[in-house]
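Subject: Structure handover

Hi,

Please look it over before reading my notes below.

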Amino acid sequence: MRDLLRGDPRHAQIAVLSGLAIWGALALDFGTDTLTALAVVLTALATEWVGSRFRGRRFDPRSPLISALSLVLLLRADAWWLGPVAAVLAVGSKFAIQRDGKHVFNPTNIALVALLLLTDRVWISPGQWGGGALLAAALVGAACWVLPRARGDVTLAFITFWGGALVARAVWLGDPLTIPMHQLQNGGLLLFAGFMISDPKTLPDTRAGRILFAALVAALAYWLRFAHYEPDALLYALAASAVFVPAIDRALPGRRFQWPGVTTAGQQVPAPGR
Amino acid sequence: MHRVQLRAAAVGAFISCLALASASHAFCGFYVAKADTKLFNDASKVVLVRDGDRTVLTMANDYQGEPGEFAMVVPVPTVLQKEQIHVASPSLLAHLDAYTAPRLVEYHDPNPCEPRYALEDLMSAAPMRSKAEQNLPESAAADLGVTIEAEYTVGEYDILILSAEESDGLTTWLRQNDYRIPDGAEDILDSYLKQDMRFFVAKVNLGEQARLGTAKLRPLQMAFETERFGLPIRLGTVNARGTQDLFVYALTRQGRVETTNYRTTKLPSNVTIPEFVEDEFADFYRELFAEQTRKDGGTGVFLEYAWDMAWCDPCAANPLSNSELRELGVFWVGERPARTPWQGSRIAPQAANVFVTRLHVRYDAEHFPEDLQFKATADRENFQGRYVLQHAWEGSDSCQAADTYRAQLRIRREQEAQTLAELTGRDLEAIRAKMRLDGSVPAPTPWWRNLWPNS
């Protein structure tokens, strides 16, 4: 078990996301029923299988499982079938939208943003987690597991920029620090920072590039949140920033990220500029 | 299942239920409105109509003091024209309040010896009541970096829209003009000023009030456009009078409204509680709310009602008419009476496309540091705070079914006692004593007991 969790950071991620989904369903009443969740997971796996066949790659269930669990945690819809549609969009985007041999958008992120923009039938409940210290503890614990192996620097950079911006805003407004602290405890934010933004496959290849990327996401999110009062600012900011990743990679070229063991199983893609 | 008729208040209409007599399933009722209007004394009521950036805010108060002493200070995003301010009839809010109030529903067990399903339901709703805002008196002009952007008399209110360069000047000006600004409010005023907010300051014009003959202060309304979908509550937490109750009635085209920076939770609903609660529904609901707030750590926002305003089932009050909705600020409904006056059908022929969400927040500065921020979701699933009384059949007929019924009744009553204790935090033993239960539950009837009844 220990080896399983250590071997690939995605295993720990799947474990944590599953735990959160179960906790959410049992204790927090998220309003997603088990059958819908199952449909989302199965659709994601099926889409991955089709996409892998199409691209001539070996089927790996881990990435679609993470996308599906993230959707189960975040997406709320007024019809059950929107969940599976989101799963197709999420996993399908990986195969359909690629540049320089890597996918552009975090699958969950782009599926959520697409449905939010194109339909008026889905929503995200950023407040659904409450101000949970328990959740924060779970995510920090998970992050300690995942970060050293994946691209944790972007999470730290993002939390630093975003937290710094919130604290600076509070100081400027003369607000008590309980306000930025309350904003930083938001479960949706922690989930975003812990898992969505740190998806190594869609990040710039160098550390400098990733820090720049984190700053870009934080700046855009700040503008959307505080100039336009957009509650889902983080999701939009991440999707918009992802468009700039190829440019960041060209300016700051580095070695392409691969999940452990993928070089033998999957196809090796040369990094840009080499 | 069909509905025959429903009358508004005191006496309800007869409902016939041909479907299964399951309390949790059958949503039919026979209603009596119980006017428990003082349920939450220190509460404010706000109606938020929102579609796109268009917002209409109605603030009601149950201010009981001297009208001359009343004043309110509300941060607003823009300078409002006189036509953007309106005074509404208090009955509108009372109606909306009654329509969305948590309700008590009564069912009567049939005589188990009579092989037919005769079901009669009784329902009563306890609307809630509110009171609001700060207490501030009269003023004159000043020069402390404070700009009086506009000055209107609307109904019985004198209204000023103020902007200021800094909060010091604003606070001084307000205090010089006899507005009682509590200590600690300055920082909050400053924060709003930096966020480019203006202040809507209202007090009562006694002359106008006498002329209009309005004894009670009526709700103030304002219509404006803003990207910000929220409610400033921070000024209200400065007084540190402990917690305060706030009811938000959000009316949208889209669906249910929830808070984005606090968790919105559904209150426990559709549970069967002991019969004696009928006489103390107000206490029950107050205790239930307090207990659920406690369990949630004091940081939760509670959903009490979420429903398409074209209908209700069971109805604590009739849905609001289109003209009432328009007066509340629902600008997208037409003037024509789209609703049938409730004759038989539960669903009005034209959907008014108005979805109401009733949120109840008990807040203080410690647990609610930030102003409430909302979002309208696409969720149109109906929810209501509904509590069920299942009256026992007390006949003396004797038959095998009656024996089984009586045994099951004891189990059910014990269950009701436990539910009540769980919901309200009341002492289980005290509940049992009140219900004359000893806590023991009869042994279940063996499954084979009725297998060969004649053997």
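First, a term: two strands pair if DSSP finds at least two bridges between them. Helices (H or I, at least four residues) and strands (E, at least two) are DSSP runs, numbered from the N terminus.

Housekeeping next. This is a predicted model: local features need pLDDT of at least 70, side-chain atom pairs count only at pLDDT 80 or more, and totals for chains, interfaces and linings use all residues. Residues are numbered from 1 along each chain as its sequence is written, chains are lettered from A and ligands numbered from 1 in written order, and side-chain values use heavy atoms, with hydrogens and water left out.

**Sheet**

In chain B, four strands make an open sheet with antiparallel pairing, ordered β5-β11-β10-β9. The edges are β5 (71–76) and β9 (146–154) of chain B, each pairing on one side only. From one strand to the next, the twist averages 20 degrees. Strands β10 (residues 157–164) and β11 (residues 198–204) of chain B run antiparallel and are joined by six bridges. B:Leu162 has B:Phe199 in β11(B) as its bridge partner.

Helix α2 (residues 167–176) of chain B lies across β9, β10 and β11 of chain B. Its direction is about 155 degrees to β10(B) (axes are lines fitted to C-alpha atoms, for helices over the stretch in contact; angles run from 0 to 180 degrees between N-to-C directions).

**Disulfides**

Searching the whole structure gives two disulfides over all chains (cysteine sulfur atoms within 2.5 Å).

- B:Cys113 and B:Cys399 have sulfur atoms 2.2 Å apart. The S-S torsion is about -95 degrees, so this disulfide is left-handed. B:Cys113 is in the β7–β8 loop of chain B and B:Cys399 in the β22–α8 loop, 286 residues apart. B:Cys113 is partly exposed at 25% relative accessibility; B:Cys399 is partly exposed at 24%.
- B:Cys312 and B:Cys315 have sulfur atoms 2.0 Å apart. This link is right-handed, with 100 degrees about the S-S bond. B:Cys312 is buried at 0% relative accessible area; B:Cys315 is buried at 3%.

Cut-offs: buried is under 20% relative accessible area, exposed over 50%, partly exposed in between (1.4 Å probe, protein chains only).

**Confidence**

Chain B has a mean pLDDT of 77, with 78% of its residues at 70 or more (pLDDT is the predictor's confidence in each residue, from 0 to 100). Residues 117–142 of chain B stay under 50, with 142 contacts beyond four places in sequence (heavy atoms within 4.5 Å).

Best regards
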